[in-house]
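Hi,

Here is the structure I said I'd pass on.

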Amino acid sequence: MREVYTLVLSVCAVLLGVEILARLFPEKSGTLVHALAVLAVVVTMVGGLLHLDPDFSAVRSEFTPEQSAEDSEALYAETGTALLRERLRALLEAAGIAVVEDESGVEVWYTQQDDGTIEIDRVRVRVTYATDVDRAYALLNSVLTEAIPTEVYAG
């Protein structure tokens, strides 16, 4: 008998919640709130009838804000350097300089400070033809200036 009371109480709580939402947001209630109410009632009734005990522990994660900050800073650094590699490759290819297609084509070394800023330490580009080394070096130096050491080699 206790299960029936729990089931009735759950259905009443869902209906009460839906009614409160519909009264608070009358212009937005529409069919979505009513569809959600029907779904919640059906799930509650089926769960009550089948004596299901939902376990929401799998939904919880071991997420901490400190890990998130560290992970997002590393992600920003990797994304930023990947974008820089892609742009440098596109710049060189637009100038008619063939860059090696694998990971060693454009390499970027960086240092990430404690405050999250990223400092580019060095850029190394591997071009396909030895005749393009001087042109690539001049183009990269004009774009990156002397502040970022640049190395270009053929291979």
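**Helix α4 and the sheet**

Helix α4 lies across β2 and β3, and runs at about 160° to β3. For that angle, axes are lines fitted to C-alpha atoms (for helices over the stretch in contact), and angles run from 0 to 180 degrees between N-to-C directions. Helices (H or I, at least four residues) and strands (E, at least two) are DSSP runs, numbered from the N terminus.

Before the rest, a word on where this comes from. It's a predicted model, with local features needing pLDDT of at least 70 and side-chain atom pairs counting only at pLDDT 80 or more, while totals for chains, interfaces and linings use all residues. Residues are numbered from 1 along each chain as its sequence is written, and side-chain values use heavy atoms, with hydrogens and water left out.

The protein chain has 4 helices and 3 strands, in the order α-α-α-β-β-α-β from the N terminus on. Of its 155 residues, 22% are buried, where buried means under 20% relative accessible area, exposed over 50%, and partly exposed in between (1.4 Å probe, protein chains only). Among contacts with a separation of 6 or more, residues 24 or more positions apart account for 58%; contact means heavy atoms within 4.5 Å.

Back to α4, residues 133-144. Its 12 residues reach 16 Å from first C-alpha to last, close to the 16 Å expected at 1.5 Å a residue (the expected span is 1.5 Å times one less than the number of residues). Which residues of α4 are buried? They are Val-133, Ala-136, Leu-140, Asn-141 and Leu-144. These cover an arc of only 130° around the axis, so they sit on the same side of α4; the arc is that of the directions from the helix axis to the C-beta atoms. On the other side of α4, Asp-134 and Ser-142 are exposed. Just after α4, Thr-145 takes a positive phi of about 60°.

Asn-141 may be one to click on. It counts as buried because its relative accessibility is 15%. Leaving aside neighbours within four places in sequence, Asn-141 is in contact with Glu-146 and Thr-150.

As for the sheet, 3 strands form an open one in the order β1-β2-β3, with mixed pairing. β1 and β3 (150-154) stand at the edges with a single partner strand each, so one side of each has no neighbour in the sheet. Neighbouring strands are turned by 15° against each other on average, direction ignored. β2 and β3 pair in the parallel sense over 5 bridges, and Val-127 has Ala-154 in β3 as its bridge partner. Strands count as paired if DSSP finds at least two bridges between them.

**Salt bridges**

How many salt bridges does the structure hold? There are 2, a salt bridge being a side-chain nitrogen of Lys or Arg within 4 Å of a carboxyl oxygen of Asp or Glu. In one, the side chains of Arg-124 and Glu-107 meet at 2.9 Å, N to O. That pair links distant parts of the chain, with Arg-124 in strand β2 (residues 118-127) and Glu-107 in strand β1 (residues 106-112), 17 residues apart. Asp-132 and Arg-135 also meet in a salt bridge, at 3.6 Å, N to O. Asp-132 counts as buried at 7% relative accessibility, whereas Arg-135 counts as partly exposed at 43%.

Cheers
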